[in-house]
Amino acid sequence: MDGMMMETASAHIDGFARERLPPRDQWPEFRFTLPRLRYPARLNCASVLLDANLATRADHPALVTPAETLTYGQLAERVNRIAHVLVNRTGLVPGNRVLLRGANTAWMVAAYFAVLKAGGIVVATMPLLRAKELGQMLRKARISHALCDARLSGALAEAEAPDLRHVLHWGDGELEGLCVAESAGFTACDTAAEDICLIGFTSGTTGEPKGTLHFHRDMLAICDAYAREVLRPEPADVFIGSPPLAFTFGLGGLVLFPFSVGATGVLLDRASPDDLLPAIARHRATICFTAPTAYRAMAAKAGEHDLSSLRKCVSAGEALPRPIFEAWREATGLRLMDGIGATEMLHIFIAAREEQIRPGATGLPVPGYEAKVVGPDGAELPRGAPGRLAVRGPTGCRYLDDPRQANYVENGWNITGDTYIQDEDGYFWYQARSDDMIVSAGYNIAGPEVEAAMLSHPLVRECGVVGTPDAERGMVVTAYVVLEPGAIGDAALVKALQEHVKAEIAPYKYPRRIEFVARLPRTETGKLQRFALRQGAIT
Ligand code: 3UK
């Protein structure tokens, strides 16, 4: 082997995932325009993000959870012991896929880094998944190993998974016991920067789940692009938030970003708005990551808690309606940092630093990324015209063995499935998911714009707007509304809300139908389930 080959050769002995990367001509174009994004050919992201902190910050808290606090030194030890267990007890070889199942806990993070450090491929799963969904992932990624929180072992045991040979649990003493016998030092697998380290399954609503492949260098790229350039955390920061670690929004916001500067991540078992508010106060958290609806709910109760430690709040997962931005500013004095990310892109690629924020817009391309709005033929549209969002940068979409790759990547650009408008100053304004645009009596109407108008009415707590079939107009705009406590959803309120919307935005967009419901259907990642609204399947 010549030197060049040695440098770039994969460390994977098990080539399953690499062999199922999409064909090269269907890859997005990867761009490394910032100097920091030019990574060496060999790197292990667990060493860079975790072990790099040991020299100077070994005694600084890396993770704080209700059960324990781990310094960087203690976390690194636990990671190393688990890595030894994986290799010595379960025969893990580089390239094997390891399913992780647990709530946001320190053991979950330690298991995650152990797999990365040993050269394995992480497949993290959301706690709410059931045997059927776990089985789909286990078979699709041909997973041989699993590390699982004992409290969540049931669904995994029931999953149909012919290749799953090694399952170890933590929380019941099993993994803990095995760790005691292992040494606290582990030399990281000498992975290539382009070795796959993560398969992130998308929270898609229809069809088989899609597995997105990410390289070791991608995990660093989101820290060096979004975190370093837009979020700009400091070593003294304390991160907190609600997204599960299996959702890459949570992985970045609660683990990778804090670790990239030697800061602290607070992990909560349960992180509803009512859990998050007191936790922010108790831990003196400085940076919060959660979904728009959680900020809405927290804004209403912010006065009952000491949130004075907060300095930055990130909102992602779905569009941030302007009324929520305003409510949060009123409640805390902070400007919410909206950002659009995607599992395919690993993390956020359009956002804005606080001083650049335009309320209502998602923002500007994150340094290192480019974005444009294109028409059906892929040609860039003039500013102000709605069209399909296309992005490229240091991260991008590679589905595991999936023909749907061709739908996400066009001419080297990632097509996220979102309709956007870019304004004259370059800012990107979210309209809707492209397949959620409502066509009513010949007009194109974006549900999220109507939702924002509804939310600015004081009696509306939550709102979801979809098109429902109508004989005369093709579709009619239908709003499902959760009212503030005490409000009465009668005909007079329907009329008042319709008048309110007509006064806020173009009158033809007003919801002809309004239904009052107790709650809106949402995914575990905080997204409104529009298909459920369209089907009228409201609980
Ligand atoms: C939508 C947004 C408007 C958009 C994610 C931050 O949400 C994440 O990943 P998913 O794969 O979904 C991607 C889709 O969600 N979306 C996300 N953020 C916004 N729409 N404004 C936003 N700010 O349709 C996108 O295509 O679940 C978010 C970081 C990592 C992530 N994986």
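Mentor: Start with a definition. A cavity is a set of grid points where a 1.4 Å probe fits but cannot get out. Keep in mind that this is a predicted model. About 80 Å³ of space lies in its largest cavity.

Trainee: How many cavities of 30 Å³ or more come out of that rule?

Mentor: The count is three. The second largest cavity has a volume of about 40 Å³.

Trainee: What makes a residue part of the lining of the largest cavity?

Mentor: A lining residue has an atom within 4 Å of a point. For the largest cavity, 13 residues pass. Nearest its centre are Leu336, Asp338, Ile357, Arg358 and Ala361. By class, that lining has eight nonpolar, three polar and two charged residues.

Trainee: Which residues line the second largest cavity?

Mentor: Among them are Tyr112, Ala124, Phe201 and Leu251. Strand β7 (196-201) gives the most, with four residues. Helix α11 also supplies at least two.

Trainee: What does Val261 touch, leaving out residues up to four places away in sequence?

Mentor: Contact means heavy atoms within 4.5 Å. By that test Val261 touches Asn53, Arg57, Pro233, Glu234 and Pro235.

Trainee: Which domains does the chain have?

Mentor: The assignment gives domain 1 (16-422) and domain 2 (441-534). Each domain puts 14 residues into the contact. Their centres, taken over C-alpha atoms, are separated by 32 Å.

Trainee: Why is the second largest pocket said to lie between domain 1 and domain 2?

Mentor: Both domains give residues to its lining, so the pocket lies between them. Its space comes to about 830 Å³. Of the 30 lining residues, Ser242, Ala271, Ser272, Pro273 and Glu524 are the closest to the centre.

Trainee: Which element gives the most to the lining of the second largest pocket?

Mentor: Helix α13 does, with four residues. That helix spans 292-301, and strand β23 (460-470) supplies at least two residues as well. By class, the lining of this pocket has 14 nonpolar, nine polar and seven charged residues.

Trainee: What does the UniProt record say about residues 106-129?

Mentor: An unreviewed entry annotates them as "transmembrane region". Such annotations may be inferred rather than shown by experiment. In the model, the span is 50% helix and 21% strand. Its end C-alpha atoms lie 20 Å apart.

Trainee: Which residues does the annotation "domain: AMP-binding enzyme C-terminal" cover?

Mentor: The unreviewed UniProt entry puts that label on residues 449-527. There the chain is 27% helix and 32% strand. The end C-alpha atoms are 16 Å apart.

Methods
Residues are numbered from 1 along each chain as its sequence is written. This is a predicted model: local features need pLDDT of at least 70, side-chain atom pairs count only at pLDDT 80 or more; totals for chains, interfaces and linings use all residues. Side-chain values use heavy atoms; hydrogens and water are left out. On a 1 Å grid over the protein atoms alone, a cavity is a set of points where a 1.4 Å probe fits but cannot get out, and a pocket is an open set with protein on both sides within 12 Å along at least five of seven lines; lining residues have an atom within 4 Å of a point. Grid points are joined across faces, edges and corners, and a volume is the space filled by probe spheres set on the points. Ala, Val, Leu, Ile, Met, Phe, Trp, Tyr, Cys and Pro count as nonpolar, Asp, Glu, Lys and Arg as charged, and the others, Gly among them, as polar. Domain bounds come from an automatic or database domain assignment.
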